[in-house]
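Please look through the sequence and the model shown here before reading the notes that follow. They are arranged by topic for someone new to the structure.

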Amino acid sequence: MTLIDPEVRTAPRPEYQLTQQERRFIGWHLIVAIAALSIGSLFGPLQAFEYSGLDLYKYLKPIFQSYYQGLTLHGVLNALVWTTFFIVGFTNLVVIKGLGRPLRAPKVNLVGFWVMVVGLLMAAVPLLSNAATVLYTFYPPLKASWAFYLGLTLVVVGSWIEGVGFYLTLAAWKKDNKGVRTPFIAFAGVVNAAMWQIATLGIATEILTMLLPWSFGLTDATDPQLARTYFWFTGHPLVYFWLLPAYISWYGMLPKQAGGKLFSDSLARLSFWMFLIVSVPVGFHHQFVDPGVPVVWKWIHAVLTYSVFFPSMLTAFTVIASLEYAAKRRGGTGIIGWVRALPWDDPSVTAQLLAGILFMFGGVSGLTNASYNLNLVVHNTAWVPGHFHLTVATAVTLSFMGITYWMVPHLTGKKLWNRKMAVAQSWVWFVGMIVFSNAMHMLGLLGAPRRTPLGEALYVPDEWEGHLLRVSIGGGILLVSLIMYVLVMVKTAVGPKAAPADVPEVPIAQSIRHPQLTPDWLDRFKPWLIVALLLVVLSYGPQLFDQIIHIDLNSPGTDFRPW
Ligand code: HAS
Ligand code: CU
């Protein structure tokens, strides 16, 4: 068998068509996700305008009390709700379509979904009534209503329950397909679900053992250091929980949409395994300045952070190689010139390509963050939101938007409304984000703090001025893009049913080399799960043990309401 044999085809997957019920079930995840994004994103420009002195919050006063309530809603709805609901819905789709069979126990997934919804509604009450203005990281000693903590817990528990539904389905498939490589998109969806379950043990422990008893009044003080350690145990892998579904699409779908194939099934699987094992043991890179964490542990997590950089480099190589293969099949030529031959008129492709391009810069700022001495310069400055608007708000969010450009028509049986506007929407996002995030990075380097209404600060130096204005302009452009996106989604959803030929199929890319040629060790879960758990114990065990036996409930909690 030659290494790259275009004649070797992936075994044709049984063409399983989603039932009406499955479409509706997945669709409900998207409805909640897009609703959260639509509301959450409205607060973004309010923050951005505030930077240049235009305070619109004062006009919202009877409903929303402060910049901080808006910032909390922005972070929770976008970073936690939009992502989680989209991801769980999308994972249902990739598991079902990838394996070519229905869920093994659809009731389990249904229960999981409803638990997530109940949790969301429960958290929404204190969020909207200014009783949980603690930002999306909810660090104590900021104290929220118990309903916020319990609601978030239920959202996580619901996602775990849906995860169990995915494992059951994969197990049933494996029983019937001994020796066959798990189809990539389903494989990758399940790896992400497993990574998420390991990762969320931190936040579950934080909420159940510390925040809930404290907010119920059972303990009268808390230990912010230990709480932060639990939080970042989950908080870092959380960013890969967001990223990996975009990677599923970049590896397993985008090549097909671009007219080509996945360059390497083995590299794709390897990168997912690397994310499983090194996503968690790096959380201290968010705590480089925490006095309660010994330097040696910061150093260990810093080194491991460089290893979690690696699977993204693998991804950049493999995905760009797949795109080049596609473009050359479409007649593209040249070392870089082939890029023009990609289908830039397809909104789903354009969104994901632009997301990938900005992610390269997000990777650079991530590496800067991860470098201990540089982190001391940028930590808690506007640089950090600059970084995560390139990653979660672009690499992830713009990719998810791109996915919905085929997924919503596929689920509803409609035609995408106004393709041209959808293509333009991605470009507007791309331009808005360049303006916004560059200005945020610059402000950070000039020492501007994050999580601060800078428009009210008395200490604004002259050299910040131009950048503050660019933050506002970028925020305004992003708002335009968001409105375009919501318009396309709503008009598509309410539009008339389309002829079957006009409804997009789920794009599933074949790999150049038959997946059956991928080594077996890249398709076995057990050894990788064992290594993942072992690394977690080694990288967190000693520090957690130490912090738990020295727990110091010294902080009574801060009431944020005067804000
Ligand atoms: Fe980060 C802080 C380090 C990636 C999100 N990060 C944050 C926070 C968030 C976040 C939300 O070490 C703030 C948390 C808070 O509120 O305090 N981050 C990293 C590193 C990476 C990284 C090393 N971050 C992400 C991703 C996120 C995300 C992904 C969301 C999804 N981050 C940090 C650190 C901090 C931090 C510190 C703490 C800062 C502090 O002091 O508070 C790496 O994983 C990045 C690797 C990325 C690459 C890029 C590869 C490029 C690819 C694109 C290929 C191109 C294509 C397009 C496909 C190596 C894969 C081709 C197109 C054509 C046209 C051909
Ligand atoms: Cu991190």
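In this predicted model, the copper ion (ligand 2) is coordinated by His236 through ND1, His285 through NE2 and His286 through NE2, at 1.8 to 2.1 Å, where donors are N, O and S atoms within 2.8 Å of the metal (3.2 Å for Na, K and Ca), and water is not among the atoms, so sites may look incomplete. Residues are numbered from 1 along each chain as its sequence is written, and ligands are numbered from 1 in the order in which they are written. Local features need pLDDT of at least 70, side-chain atom pairs count only at pLDDT 80 or more, totals for chains, interfaces and linings use all residues, and side-chain values use heavy atoms, with hydrogens and water left out.

**The copper site**
- In sequence, the donor residues of the copper ion (ligand 2) follow the spacing H-x48-H-H.
- His236 lies in helix H7 and His286 in the loop between helix H9 (265–278) and H10, so the pair ties together parts that are 50 residues apart in sequence; helices are DSSP runs of H or I with at least four residues, numbered from the N terminus.
- His236 counts as buried at 5% relative accessibility, whereas His286, at 22%, counts as partly exposed (buried means under 20% relative accessible area, exposed over 50%, partly exposed in between, with a 1.4 Å probe and protein chains only).

**Ligand 1**
- The iron atom of ligand 1 and the copper ion (ligand 2) are 4.5 Å apart.
- An oxygen atom of ligand 1 lies 2.5 Å from a polar side-chain atom of Tyr240, and a polar side-chain atom of Tyr136 is 2.8 Å from an oxygen atom of ligand 1.

Conventions
A polar contact is a pair of N or O atoms within 3.5 Å; within protein, one must be able to donate a hydrogen and the other to accept it, and residues adjacent in sequence count only if both atoms are side-chain atoms. Helices (H or I, at least four residues) and strands (E, at least two) are DSSP runs, numbered from the N terminus.
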